[in-house]
Amino acid sequence: MADDLSTTIAEAARLLADARDVTLLAHINPDADTLGSALAVGLALHRRGVRVRVAFGDPEVVPESLRALDTAGLLVHRSEVPPDPELLVVLDTASLQRLGPLADRVAGARGPVIVLDHHVSNTRYGTVHCVDEHAEATVLIVLKLLDEMDVELDEPLARCIYAGLVTDTGGFRNAGPAAHLTAARLLETGVDAYQVTRPLMDAHPFAYLGMLSRVLARAELDRGAAHGLGLVHAVVGLDDAQGVRSEEVESVIDVVRSTSEAEVAAVLKELRPGHWSVSLRAVGRVDVRRVAQVLGGGGHRLAAGFTFEGAPAEVVAALKGALEQVES
């Protein structure tokens with residue numbers, strides 16, 4: 001795997017060295033790993049005089065907690081992404097489905113499509129695939145690429161990478177020794193860990209408390225689900241999400257997953273009437289990536305997700321059925 005990754009990273013670096021116009025795409029409902037990855041590569045190219053645009057398919061606006069990462073104004077609305085990108089880079093995105101309205105840009109690309117990702121479920125939909133499922137975050141693969149390109153790592157670049165690393169490792173709770181060493185390297189550039197982390201993980205508007213209290217009051221625990229290991233789930237409807245940012249909705253899973261009686265936690269998030277995005281987390285004994293794949297989704301062993309149409313009860317029933325199909 002390491003040799004293959006080194007080869008593909010070298011190829012990606014060669015392609016980017018000759019590029020003059022590069023489009024970088026993050027997945028829908030972007031988090032710090034996908035957007036931090038895209039902005040880090042984009043900033044390095046921008047400084048070399050390359051025309052750069054960074055975009056994602058949905059929602060309409062950039063999550064407030066991530067805006068500070070875009071120090072060079074590289075983010076554009078999806079409508080500004082050309083239908084036939086000259087060179088396309090897709091980051092932290094396991095499948096075309098995760099690009100949403102921008103998925104057709106892959107087929108329309110005039111040149112190569114570089115994919116940088118750490119999901120084991122990546123479907124290899126591009127031309128050059130820099131994929132390492134053992135990496136805790138895609139930003140770690142991006143850092144290897146920047147090193148291959150001889151990019152000097154300074155604070156704005158390191159901030160983007162640190163943001164993705166700290167969030168995708170759950171505040172370094174799921175980070176190995178190499179990731180901690182990388183964090184030290186990033187901090188040595190002047191990154192302020194507290195200032196980067198607080199808006200991403202520890203700061204919410206007051207309205208979040210009301211939303212959270214309503215949602216948690218309706219949470220349910222099924223001790224018999226997941227072969228008796230337990231499932232806890234909560235539902236965030238459209239009405240619940242009124243007045244709060246997407247960041248607040250996404251963070252509900254981090255509270256629900258703290259339930260000690262359940263191996264698996266799920267949060268149903270209503271995107272539009274009857275259409276749900278479901279976040280899954282596991283403690284360690286259930287591979288929720290396999291569970292999500294049963295339902296058309298994907299992700300990692302302990303963190304995954306899928307989409308579903310129907311009533312909340314139908315979503316939960318389908319989830320419990322999938323949990324029974326996957327051995328613990």
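**Strand E9, local features and overall fold of the predicted model**

Ser 277 is found in strand E9, which covers residues 275-282. The model that contains this residue is a predicted one. With a relative accessible area of 14%, Ser 277 is buried, because buried means a value under 20%. Apart from neighbours within four places in sequence, the residues in contact with Ser 277 are Val 267, Leu 268, Lys 269, Leu 271, Phe 306 and Thr 307.

Another buried residue is Leu 87, which has a relative accessibility of 6%. Leu 87 belongs to the loop that links strand E2 (51-56) to strand E3 (88-91). When neighbours within four places in sequence are left aside, Leu 87 is in contact with Leu 15, Leu 16, Ala 19, Asp 21, Val 22, Thr 23, Pro 112 and Ile 114. Leu 295 lies 208 residues from Leu 87 along the chain, and the C-alpha atoms of these two residues are 33 Å apart. The loop between E2 and E3 also holds Pro 59. The peptide bond that joins Asp 58 to Pro 59 is cis, and its omega angle is near 5 degrees.

Positive phi angles were found in residues other than glycine. One of them is Phe 172, for which phi is near 70 degrees. Phe 172 sits in the loop between H5 and helix H6 (177-187). The relative accessible area of Phe 172 is 15%, so the residue counts as buried. Ala 226 is not a glycine either, yet its phi is positive, at about 55 degrees.

The packing of helices was examined next. Two packed helices are described by the angle between their axes and by the distance between those axes. For helix H4 (residues 138-148) and helix H5 (residues 155-168), the angle is about 150 degrees and the axes are 9 Å apart. H4 is therefore roughly antiparallel to H5, because angles over 145 degrees are placed in that class. On the H4 side, the residues that meet H5 are Val 139, Leu 140, Leu 143 and Leu 146; on the H5 side, those that meet H4 are Leu 157, Cys 160, Ile 161, Gly 164 and Leu 165. By class, eight residues in the contact of H4 with H5 are nonpolar, one is polar and none is charged.

At the level of the whole chain, the protein has 13 helices and 11 strands. The C-alpha trace spans about 55 × 40 × 35 Å along its principal axes. For 328 residues, a compact globule would have a radius of gyration near 20 Å; the value for the protein is 19 Å, which agrees. Of the 328 residues, 53% count as buried. Among contacts in the protein with a separation of 6 or more, 66% are between residues 24 or more positions apart.

Terms used. Residues numbered from 1 in each chain as written. Predicted model: local features only at pLDDT ≥ 70, side-chain atom pairs only at ≥ 80, totals over all residues. Heavy atoms only, no water. Axes fitted to C-alpha atoms, helices over the stretch in contact; angles between N-to-C directions. Helix = DSSP H or I, 4+ residues; strand = E, 2+ residues; numbered from the N terminus. Parallel < 35°, antiparallel > 145°, perpendicular 65-115°, else oblique. Contact = heavy atoms within 4.5 Å. Nonpolar A, V, L, I, M, F, W, Y, C, P; charged D, E, K, R; others polar. Rg over C-alpha atoms; globule rule 2.2 N^0.38 Å. Buried < 20%, exposed > 50% of the residue type's maximum accessible area, 1.4 Å probe, protein only.
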